[in-house]
Amino acid sequence: MSEELGGDILRIRDLRLSIRRQDSYFHAVEGLSLRVGRGEILGLVGESGCGKSLTALSVPALLPEGVERTGGTIIFDGRDISELGPEELRDIRGSQLGMVFQEPMTSLNPLQRIGTQIEESLELHSGLTRAQRREATFDMIAKVGIPKPGLSSSEAANYYPHQLSGGLRQRVMIAMALVCRPKLIIADEPTTALDVTIQAQIFGLLRSINAEIGCAILFISHDLGVVNELCDRVAVMYAGRIVEEGSANNVFIHPVHEYTKGLMGSLPGRARKGQRLVSISGRVPPPGERGQGCAFAPRCGKVREECFLAVPPKIELGPNHSASCVLADAESEMEYVNI
Amino acid sequence: MSTSEYALEFRGVSKVYRVPNSSLFARGEAFKAVDEVSFAIRRGEVFGLVGESGCGKSTLGRIATNLIGDSEGKTLVDGVDARSLKDLSSHIQIVFQDPLSSLNPKKRIGWILEEPLRIHKVGDGESRARAANTMLEKVGLGSSYRKVFPRELSGGQRQRVSIGAALMLRPSIVVADEPVSALDVSVQAQILNLLSDLRDDFGLSYLFISHNLDVVRYMCDRVAVMFAGRIVELGSAEDVYSSPEHPYTRQLIEALPKLTPRSRSSPGGRREIAKTVPVDPPASDRPALRNVSTRGCGFYARCPFASGICADRVPALAKQPGGEGRFVRCHFA
């Protein structure tokens, strides 16, 4: 990676996250590199246990106890996260980087009105007066579509979280993440617990916010369809590493890594009725059981001897498409069409 | 085994819950979770039931397996009323979403698989063990797993065990309530393939309950779409998906994330904001919690085509002239 990527809001290089068990370490994430451009929506896809959520939590330095960052750098908006003190980190977390998680009820305070909770980060991070803060909060409530018909934003601000449905609570979370106009939102499976129609509304909301205030989104999901729907670029993660990366169309039309191909083939939405689904045998190896070679090798249909020896390097396949597979070169003859 | 044409039949099934909300002495507000549902599942058929959370689909599955009592209407399993069927569990079984909470954590897999046989006094210890081993092979685990505890298995393996346990008594129909929703996509494909294989092996019928329309389209012969306790559309999976008639079905299918290439003609390669799904009034975010059963169409508040009649009269689930066995509950279908 060169300095010409100075336009990135987030750049992660060789990230290593380790879980400590007694006196040994397991590496949950190993050698992960990722970038998110300004105003870009990047989808990070992977199955459970691949390390995608830990990667997300490492950006605002919110890793759970027992997990440590043991290598790599995280540059957010030109600043190295590990060189920041607690004060500066708190400032970044609230105002420049917003987070939205899967289950909003666990992140909302059940005893506070939603307006108060949305306003809180303004109180901490902006120099606005109380009246201005109230106004900004009502604006945000209207923008994410919380008020019920015949109810003003100021009335909606008086709701408690338990009075709202799952979809509305997720809108409150998004409002909280957005109210300080952050440069990046990290959304970790924000629609997984929601119905498809509500999910579609949340996507519409994320897209319009992305277009309107230009904040970048790191969107984490296990669902390829969702990522294709929403994201500009996609990174596929397996066992703590990025195995394939590129524009959504490149990755979904020409998947190169056997894992990406397997994921695509296992989607019932693409299969005809009666046709057998391509299933990837076995399961994701837990940290500590990954060999020294390609972590996917034991499940791969095209595995070779060399796959077990060393982690395959990242190979650039074309504009905006790369994969880490020893077979990637052979398949790079594909034609890239601009769709 | 009876000779009934249908493995499972619902005849005007309703279920009313009382919401204990107001004062200690007041009668709670009634809430109709399932409202006059009727359909029948043929032998060997995979019948899908889709709808959003709270629409009553799981309640219906539990009524069929007698896990929820006190329902109105009739449920026939293998042609016999479920309430008077003595050995109901050897006719119908259920598989749940989260196998960890439905498998006994203190027992080994072999014990878990043999349990239904023990309860129903089928065979002796040796033949039960043999049957459990055979079932372990059938569900793709192998007999070496009989010594293992549920917690030692992955999510996919656990789901294989609970499917195996459901089949030990050789039921004719299995209610699969979100059987793959908690699984990763690659494992989900393994389980869906397994369910298809077992259907052929054992001549099973499935009532396949899911919120995932892609999974239902792939697995099912016929589909019923449920909204606020009522069936709003029913037909062959192919028909319902390719030409949805009810406005709710249309919204559901349009809201599905597509895996087709995106057109990136707009500046910056950004896609247009989904225009098909209106950001509807959030009051109707959770329609099932409103008491919709009394008057009018349950979808009224969210329907872009609603008019006066929709608020006043519940439309009938009417047979459509075009497709065979196609039913839609809409005044304007």
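The model is a predicted one, in which local features need pLDDT of at least 70 and side-chain atom pairs count only at pLDDT 80 or more, while totals for chains, interfaces and linings use all residues. Residues are numbered from 1 along each chain as its sequence is written, and chains are lettered from A and ligands numbered from 1 in the order in which they are written.

The axes of α8(A), residues 196–213, and α9(B), residues 247–255, come within 8 Å and cross at roughly 55°. Axes here are lines fitted to C-alpha atoms, for helices over the stretch in contact, with angles from 0 to 180 degrees between N-to-C directions. Helices (H or I, at least four residues) and strands (E, at least two) are DSSP runs, numbered from the N terminus. From α8(A), Val196(A), Thr197(A), Gln199(A) and Ala200(A) meet Gln251(B), Leu252(B) and Ala255(B) of α9(B); contact requires C-beta atoms, placed from the backbone, to lie within 7 Å.

Let me turn to a helix pair inside chain B. Helix α3 (residues 109–119) and helix α5 (residues 155–167) of chain B have axes that come within 8 Å and cross at roughly 25°. The two helices, α3(B) and α5(B), are therefore roughly parallel to each other. Ile109(B), Ile112(B), Leu113(B) and Pro116(B) of α3(B) meet Val161(B), Gly164(B) and Ala165(B) of α5(B).

Next, the sheet. Chain B holds an open sheet of eight strands with mixed pairing, in the order β6-β7-β8-β3-β9-β10-β12-β11. Strands β6 (92–95) and β11 (318–319) of chain B stand at the edges with a single partner strand each, so one side of each is left without a neighbour in the sheet. Phe227(B) stands opposite Arg230(B) in β10(B).

Finally, confidence. The model scores ipTM 0.78 and pTM 0.84. Chain B has a mean pLDDT of 85, with 86% of its residues at 70 or more; pLDDT is the predictor's confidence in each residue, from 0 to 100. Over residues 264–293 of chain B, pLDDT stays under 50. Where pLDDT is low, the predicted coordinates should not be read in detail.

Terms used
Pairing = 2+ DSSP bridges. Contact = placed C-beta atoms within 7 Å. Parallel < 35°, antiparallel > 145°, perpendicular 65-115°, else oblique.
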